[in-house]
Amino acid sequence: MPAAHSEERLLSLLATLEECRAFLMDKASAETARLLSLAILELRMELHRVTDSELKALCDLMVTDAQAAQSTKAAPGPRLPPYLKLIK
């Protein structure tokens with residue numbers, strides 16, 4: 001049962017990191033909160049066994065969909081790398 005215990009600890013760590021991110025957003029430390037969001041994303045990927053290539057495929061698909069939706073709108077703002085668009 002060590003794997004189950006390890007997953008339990010990772011889930012607990014994830015909850016703590018999400019609390020920290022919320023605190024940082026409330027304290028107007030958005031840049032630090034975004035960096036923490038990357039760590040949260042990495043941890044979630046590990047927990048759900050999502051590979052880097054799977055994440056890239058998802059981002060590419062989302063960018064394609066977003067570009068199609070924006071083609072009818074005004075000029076978009078500055079482009080962010082696809083992996084940063086997933087962070088909330």
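**Exercise 1.** Decide whether Arg-34 counts as buried, exposed or partly exposed, and find its salt-bridge partner.

*Solution.* Classify Arg-34 as buried, exposed or partly exposed, then find its salt-bridge partner.

*Solution.* Step one: Arg-34 has a relative accessibility of 44%, which makes it partly exposed. The classes are buried (under 20% relative accessible area), exposed (over 50%) and partly exposed (in between), using a 1.4 Å probe and protein chains only. Step two: the partner is Glu-31, with 2.9 Å between the closest N and O atoms. A salt bridge needs a side-chain nitrogen of Lys or Arg within 4 Å of a carboxyl oxygen of Asp or Glu. Step three: both residues sit in helix H2, 3 residues apart, which means about one helical turn separates them.

Before going on, note that this is a predicted model, where local features need pLDDT of at least 70 and side-chain atom pairs pLDDT 80 or more, while totals for chains, interfaces and linings use all residues. Residues are numbered from 1 along each chain as its sequence is written, and side-chain values use heavy atoms, without hydrogens and water.

**Exercise 2.** Work out how many helices and strands the protein chain has, and in what order its elements run.

*Solution.* Count first: the chain has 4 helices and 0 strands. Reading from the N terminus, the order is α-α-α-α. For the burial total, 19% of the 88 residues are buried.

**Exercise 3.** Describe how helices H1 and H2 are arranged.

*Solution.* Begin with the axes: those of H1 (residues 2-26) and H2 (residues 30-47) come within 9 Å and cross at roughly 160°. The two helices are therefore roughly antiparallel (an angle over 145 degrees). Next, look at who meets whom. Among the residues in contact (heavy atoms within 4.5 Å) are Leu-10, Leu-14 and Leu-17 of H1, and Ala-33, Leu-36 and Ile-40 of H2. Sorted by class, this contact has 14 nonpolar, 2 polar and 5 charged residues.

**Exercise 4.** Locate the other salt bridges, given that the whole structure has 3.

*Solution.* First take Arg-44 and Glu-18, whose side chains meet at 2.1 Å, N to O. Arg-44 belongs to H2 and Glu-18 to H1, so this pair ties together parts 26 residues apart in sequence. Arg-44 is partly exposed at 37% relative accessibility, and Glu-18 is partly exposed at 24%. Then turn to Lys-56 and Asp-60, joined at 2.9 Å, N to O. They are 4 residues apart in helix H3 (residues 52-70), which puts about one helical turn between them. Lys-56 is exposed at 51%, whereas Asp-60 is partly exposed at 34%.

**Exercise 5.** Find where Ala-28 and Arg-49 lie, and give the phi of each.

*Solution.* Ala-28, in the loop between H1 and H2, has a positive phi near 60°. Its relative accessibility of 72% makes Ala-28 exposed. Arg-49, in the loop between H2 and H3, also has a positive phi, about 55°. With 65% relative accessibility, Arg-49 is exposed.

Technical notes: Axes are lines fitted to C-alpha atoms, for helices over the stretch in contact, and angles run from 0 to 180 degrees between N-to-C directions. Angles under 35 degrees count as roughly parallel, over 145 as roughly antiparallel, 65 to 115 as roughly perpendicular and the rest as oblique. Ala, Val, Leu, Ile, Met, Phe, Trp, Tyr, Cys and Pro count as nonpolar, Asp, Glu, Lys and Arg as charged, and the others, Gly among them, as polar.
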